[in-house]
Amino acid sequence: MDSSKSSITLGLIGFGNVGQGVHSIVKTNQGMIQDRLGQAVHIKTICVRNVDKYKDLANGAELTTDVNDIINDPEIDIVVEVIGGETPAYDYITEALKHKKYVVTANKELIAKHKKTFFEFLFCDNLFKFLFHALATTFVTSNPFLAKFIAVRNNSLKSNFPKSL
């Protein structure tokens, strides 16, 4: 992520209960996120199966049915995968990593089955660009590990973290 940017840009793959929870937390806690990270976080694009179904819920984010609109977008820093299951989530995550994106997922099944592949991406690039957390809906505001990770990876960010981390 580029510390000179005024914000961190997310692409969200999936907009069911968990995806809508992540979206709500990011929107509701903008001030706290910016205070902690020194940069705003916003969701630019959300990939869904049916754009019409979610158009009233996107609150300014672009809706798409093509995951490549997220993976290939150079403005998107972090891909948040919340569709679950093994297929097609594996393909989406590996493509995002190939495109040098940070990835956040709550997909325990996928991590367990493909951890070797994901760790090869990590060490190959010498960057830890893949995060796994059991509850994606906690995202940055209630997940101090993720907030601290972003701050550590981007040492120019101003951080205000509890000393217990």
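Q: A pocket is an open set of points on a 1 Å grid over the protein atoms alone, where a 1.4 Å probe fits, with protein on both sides within 12 Å along at least five of seven lines; lining residues have an atom within 4 Å of a point. Which residues lie nearest the centre of the largest pocket?
A: This is a predicted model, where local features need pLDDT of at least 70 and side-chain atom pairs pLDDT 80 or more, while totals for chains, interfaces and linings use all residues. Residues are numbered from 1 along each chain as its sequence is written, and side-chain values use heavy atoms, without hydrogens and water. The largest pocket has 18 lining residues, and those nearest its centre are Gly14, Cys47, Val48, Arg49 and Ile83.

Q: What is the volume of the largest pocket?
A: Its lining has 10 nonpolar, 6 polar and 2 charged residues (Asp, Glu, Lys and Arg count as charged, Gly as polar). The space filled by probe spheres set on the points comes to about 370 Å³.

Q: How are the rings of Phe15 and Tyr54 arranged?
A: The whole structure has 2 aromatic pairs (ring centres within 6.5 Å). In this one the centres are 5.5 Å apart and the planes stand at 70°, so the pair is edge-to-face (over 60 degrees).

Q: How many residues apart are Phe15 and Tyr54?
A: Both residues are buried (under 20% relative accessible area). Phe15 sits in the loop between β1 (7-13) and α1 (17-28), and Tyr54 in the DSSP helix α3 (residues 51-54). The pair thus links distant parts of the chain, and the separation is 39 residues.

Methods
Phe/Tyr/Trp six-rings, centres within 6.5 Å; stacked < 30°, edge-to-face > 60°. Helix = DSSP H or I, 4+ residues; strand = E, 2+ residues; numbered from the N terminus. Buried < 20%, exposed > 50% of the residue type's maximum accessible area, 1.4 Å probe, protein only.
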